[in-house]
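Please take a first look at the chain below. The report after it goes through the parts one at a time.

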Amino acid sequence: MPETLSQSQIDELLNRMRSGNVTEPEEEKTKVKEYDFTSPKKFTKDQLKSLNNLYENFCRVASSYLTSILHNVCEINVVDIEEQRYYEFNNALPDNTLVGMVSFKPTQPQYEETTLMLELSTSFGFLAVDRLMGGSGSLYAPNRDYTEIELALLELVLKNIIKYLNDAWNNYFGVTTDLQSIETNGRLLQAFSPQDVVVIVTLELKGEGFSGNANICMAAENLEAIINSFSMKYAHSMRQQDPDREKAKRELIFDYLKQSDLEIAAVLDQCEMDLGDILRLQVNDVVALNRKISDDISVTVEGAPWYTARIGQTDTKKAVKLVDSLLQ
């Protein structure tokens, strides 16, 4: 049933028609994601979620490393993980880029060695070089290729990042990674066949004064079986936890903690004095406290109050006797 307009709405519509300011309402556009039925997806949401957890662990460690070399707080987050054809990823690369070609070799013999690509923006590469050379860290991207010295510095940075990537993978699945080469021309990259299916992990790099994206491109071949392998492994380990083994592990950790050295102090009282009075203090002067000799005092562990105690003496030594615990 059509909506009935009120008199005020009719008057407003007539006024707009006379003034020529009539605008048609914009139709709401629904977001439609295209799906290619000739190329069905290889990975399920659960598989991509497992991969997402792996790279979130990598981001936490890599962000600490980049913070140290950039002298600026750097955050890395996983933005998206999707699969696509390699030509789609390659066509989206700019002419000038920074790509580390990494060998990705599983330790288990049934999986073949493949190549992993770590792509960073050119501006981020120049930023890293500037900070490593003691520069101010201003974000700029000159219209030129990297020099040999700059490439040597970037090779060191990429090797360290790949080392953390290797550690993140080995927490789930045994692999060996190694930086093979650095490429700076996105149009000449021929790591995979154009029709090969690859998985793209998009990372967001964000810091004070700069932000950008990084991409990790992995071949889908063998990756599906690898993800299933460590997903089933950890799901099985969660179900098969041995209570006695977990208890022994906790007791072992607690035994190591018991050997830790902590500072314990008996605090008689706290008072405030003028600086002039403190400067005039001499040996044998008496400072009056706000506590009686018979009152309980505080005993602290690493500066935190833990017990109340009473001052006393054992043999010829001063001592305190613990009275009550302050821990709830």
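## A residue with positive phi

Is His71 buried or exposed? His71 is exposed, because its relative accessible area is 59% and the cut-off for exposed is over 50%. Note that this is a predicted model.

His71 sits in the loop between α2 (45–70) and β1 (74–85). Its phi is near 55°. That is a positive value in a residue other than glycine. Most residues other than glycine have a negative phi.

## A second case

Glu302 also is not a glycine, and its phi is positive, at about 55°. This residue belongs to the loop between β8 (297–301) and β9 (304–314). Is Glu302 partly exposed or buried? Glu302 counts as partly exposed, because its relative accessibility is 49%.

## The chain as a whole

The protein chain has eight helices and ten strands. It holds 328 residues, and 30% of them count as buried.

Contacts can also be sorted by distance along the sequence. Take those between residues at least 6 apart in sequence. Of these, 64% join residues at least 24 apart.

## Two helices that pack

Two packed helices are described by the angle between their axes and the distance between the axes. For α2 and α5, the angle is about 145°. Their axes are 9 Å apart. The crossing of α2 and α5 is right-handed.

Which residues meet here? From α2 come Leu51, Leu54, Tyr55, Phe58, Val61, Tyr65, Leu66 and Ile69. From α5 come Leu156, Val157, Asn160, Ile161, Tyr164, Leu165, Ala168 and Trp169. Sorted by class, this contact of α2 with α5 has 15 nonpolar residues, one polar residue and no charged residues.

Strand β5 covers residues 197–207. Nine of its eleven residues are buried, so β5 is largely enclosed by the rest of the structure.

Strands of a sheet pair through backbone hydrogen bonds, either parallel or antiparallel. β5 pairs with β1 in the antiparallel sense, over eleven bridges. β5 is also joined to strand β6 (residues 210–219), by ten bridges, and these two run antiparallel. β5 and β6 form a hairpin with two residues between them. In the turn, Gly209 has a positive phi of about 95°.

## Lys206, seen from several sides

Lys206 in β5 stands opposite Glu75. Lys206 also stands opposite Ser211 in β6. Its side chain meets that of Glu204 in a salt bridge, with 3.8 Å from N to O.

## Other salt bridges

How many salt bridges does a search of the whole structure find? It finds eight. Side chains of opposite charge can pair when their charged atoms come close.

One of them joins Glu155 and Lys159, at 3.4 Å from N to O. Both residues lie in helix α5 (residues 148–170). They are four residues apart, about one turn of the helix. Glu155 is partly exposed, with a relative accessible area of 33%. Lys159 is partly exposed as well, at 43% relative accessibility.

Another salt bridge links Glu150 and Arg144. Their closest N and O atoms are 3.0 Å apart. Is Glu150 buried or exposed? Glu150 is buried, because its relative accessible area is 10% and the cut-off for buried is under 20%. Arg144 is partly exposed, with a relative accessible area of 34%.

## An open sheet of four strands

A further part to examine is an open sheet of four strands. Their order is β7-β8-β9-β10, and the pairing is antiparallel. Which are the edge strands? They are β7 (264–267) and β10 (317–325), each of which pairs on one side only. Neighbouring strands of this sheet are turned by 40° against each other on average, direction ignored.

β7 and β8 run antiparallel and are joined by four bridges. At one of the paired positions, Ala265 has Thr300 in β8 as its bridge partner.

Note on methods. Residues are numbered from 1 along each chain as its sequence is written. This is a predicted model: local features need pLDDT of at least 70, side-chain atom pairs count only at pLDDT 80 or more; totals for chains, interfaces and linings use all residues. Side-chain values use heavy atoms; hydrogens and water are left out. Buried means under 20% relative accessible area, exposed over 50%, partly exposed in between (1.4 Å probe, protein chains only). A salt bridge is a side-chain nitrogen of Lys or Arg within 4 Å of a carboxyl oxygen of Asp or Glu. Two strands pair if DSSP finds at least two bridges between them. Axes are lines fitted to C-alpha atoms, for helices over the stretch in contact, and angles run from 0 to 180 degrees between N-to-C directions. A crossing is left-handed if the near helix is turned anticlockwise from the far one by less than a right angle, and right-handed if clockwise. Contact means heavy atoms within 4.5 Å. Ala, Val, Leu, Ile, Met, Phe, Trp, Tyr, Cys and Pro count as nonpolar, Asp, Glu, Lys and Arg as charged, and the others, Gly among them, as polar.
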